[in-house]
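Thanks for making time this morning.

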Amino acid sequence: MEKAELSGKDAVVPMVYITGDVHGDYSRFTSSGARKLKKGDTLIVCGDFGFIWDGGHKEQKLLKKLGSLPYTVAFLDGRHENYQLLAEYPVSEWNGGRVQVIAGSLVHLMRGEIYDLEGESYFVFGGGESADHEFRTEGVGWWEEEMPSAQEMVSGVDHLEERDCRVDYILTHEPSGKASGYLGALRTRLNGVSVYLDRVEENVSFKRWYFGCLHLDKTISSRHQAVFRDVVAVHGHERRGKR
């Protein structure tokens, strides 16, 4: 983890930011929200990253460009990823959990892992279940690996129990069933992932939960927040200030 950079008398404290599905759209990284990120910051994308899709030359150039940004880009997988290509990237350790290093400082956050960033802990669980998968072609527009395995779910519970079921933040692609219940007309259908996430919510102490699949920027409850285009600074941090 990089140390804070000194600027005059004040220290620039690295920040963690959250955003939602980018679906391979590089303009999201040139938006006004993304431009406020500084060297040493981390931007986490809550699923449907979409830049690993066809493996072509243009795509590889974009991945290298993302990996060379002054801040770290870390993403959860969602319901629209090419899991066959994603599986080819090497696994290593990063801030306490396993990641796949894509290029430079661009990393994939793996399901069920817990990461320690700027003194706070983040439980991450990507993946989901597409409601329209029967209309998409397997291996072309849909991969069964979007649905988390039983092993990944058990691993997530094990990692949480190692932390006495206490983390600062939970980041997922899909909402828990409880969060979905707050949405009323916008409610997503329950599936195996949301049922698993309900179990997590019932048993884990956390400050705030961010998820990205709804393409919505909305505070759902005092502890649940849907993210999409907004670039949200994680609560509890301040950009400028003395340590």
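Let me start at F123, whose bridge partner in β11 is I170. The strands concerned, β10 (residues 120–125) and β11 (residues 169–172), pair in the parallel sense over four bridges, where strands are DSSP runs of E of at least two residues, helices are runs of H or I of at least four residues, both numbered from the N terminus, and two strands pair if DSSP finds at least two bridges between them.

Before going further, this is a predicted model, in which local features need pLDDT of at least 70, side-chain atom pairs count only at pLDDT 80 or more, and totals for chains, interfaces and linings use all residues. Residues are numbered from 1 along each chain as its sequence is written, and side-chain values use heavy atoms, with hydrogens and water left out.

Stepping back, six strands form an open sheet of mixed pairing, in the order β9-β10-β11-β12-β14-β13, and its edge strands, β9 (113–117) and β13 (218–219), each pair on one side only. Helix α4 packs on this sheet, touching β9 and β10, and its direction makes about 165° with that of β10; helix α6 (residues 192–203) also packs there, touching β10, β11, β12 (208–211) and β14 (224–226), at about 155° to β10. Contact here means heavy atoms within 4.5 Å, and the angles, from 0 to 180 degrees, lie between N-to-C directions of axes fitted to C-alpha atoms, for helices over the stretch in contact.

As for confidence, pLDDT (the predictor's confidence in each residue, from 0 to 100) averages 86 over the chain, with 82% of the residues scoring at least 70.
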